[in-house]
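Trainee: I've got a chain open on my screen and would like to talk through how it packs. Can you take my questions one by one?

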Amino acid sequence: MSKTLSLHHFVINTFCRKMTINRENEEALYRFIWKIVSDKKCKLLRIGGIENHVHIFVDIHPLISIASLIGEIKRQSSIWMRSSNLFPEFEGWGREYFVFSKSLSDKNVVIEYIKNQKNHHAAFTFEDEIKGMVIQEGGVWEDSLYS
């Protein structure tokens, strides 16, 4: 029997990074995304965020691509968010997304990081957070690509 572990930390942001995910309904959004992830035979390890972005930590099924999973999450949740009337200011998701592959030894650190999003963003903007994550993972940040 084959066994895989493919841990990925996704970050998706709202259109123009507007604060359109209201806190009173964010849990409903997270449950909706969890269902999408489960339907794709992936395992959601943690989800959380603030009003302008969502962190999703998953173990991806080997037959699912990163792009297709993120595409389905963004497509289905956007339709639901607009039709549910729970997020009246939501205009859609931004074009870009960020994804970082993670090792098993990173699992608890990523889970705690996502749990602590609201406190974290009392001191850091979304842009500072993503820039720091890209640099920490060994990437090169170019402001023109993400503005």
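Trainee: Which residues does isoleucine 73 touch, not counting residues up to four places away in sequence?

Mentor: Keep in mind that this is a predicted model, where local features need pLDDT of at least 70, side-chain atom pairs count only at pLDDT 80 or more, and totals for chains, interfaces and linings use all residues. Residues are numbered from 1 along each chain as its sequence is written, and side-chain values use heavy atoms, with hydrogens and water left out. Contact here means heavy atoms within 4.5 Å. With sequence neighbours up to four places away set aside, isoleucine 73 touches Ile12, Ile33, Ile36, Val37, Ile56, Ser78 and Trp93.

Trainee: In the largest nonpolar core, which residues touch the most other members?

Mentor: A nonpolar core is a set of buried Ala, Val, Leu, Ile, Met, Phe, Trp, Tyr and Cys residues joined through side-chain atoms within 4.5 Å. Buried means under 20% relative accessible area, exposed over 50%, and partly exposed in between, using a 1.4 Å probe and protein chains only. Of the 22 residues in this core, those touching the most other members are Leu29, Val54, Ile56, Val58, Ile73 and Trp93.

Trainee: And which element supplies the largest share of this core?

Mentor: At least two residues each come from β1, α1, β2 (43–50), β3 (53–59) and α2. Those labels are DSSP runs numbered from the N terminus: helices are H or I with at least four residues, strands are E with at least two. The largest share, five residues, comes from α1.

Trainee: Is serine 77 buried or exposed?

Mentor: Serine 77 sits in helix α2 (residues 66–84). Away from its sequence neighbours up to four places off, serine 77 touches Leu29, Phe32, Ile33, Ile36, Glu72 and Trp93. A polar atom of its side chain also lies 3.5 Å from the backbone oxygen of lysine 74. Because its relative accessible area is 0%, serine 77 counts as buried.

Trainee: What kind of aromatic pair do phenylalanine 32 and tryptophan 80 form?

Mentor: Rings of Phe, Tyr and Trp (its six-membered ring) pair if their centres lie within 6.5 Å; planes under 30 degrees apart count as stacked, over 60 as edge-to-face and the rest as tilted. The structure holds three aromatic pairs. In this one the rings are 4.7 Å centre to centre with 10° between the planes, so the pair is stacked.

Trainee: How many residues apart are the two partners?

Mentor: Phenylalanine 32 belongs to helix α1 (residues 26–39) and tryptophan 80 to helix α2. The pair links distant parts of the chain, with its partners 48 residues apart.

Trainee: Which residues do ring pairs link into a cluster?

Mentor: Phenylalanine 32 is partly exposed, at a relative accessible area of 23%. The cluster joined by ring pairs consists of Phe32, Trp80 and Phe87.

Trainee: Which residues is asparagine 25 in contact with, leaving aside its neighbours within four places in sequence?

Mentor: Asparagine 25 is in the loop between β1 (7–14) and α1. At 18% relative accessibility, asparagine 25 counts as buried. Beyond those neighbours, its contacts are Leu86 and Phe87.

Conventions:
A polar contact is a pair of N or O atoms within 3.5 Å; within protein, one must be able to donate a hydrogen and the other to accept it, and residues adjacent in sequence count only if both atoms are side-chain atoms.
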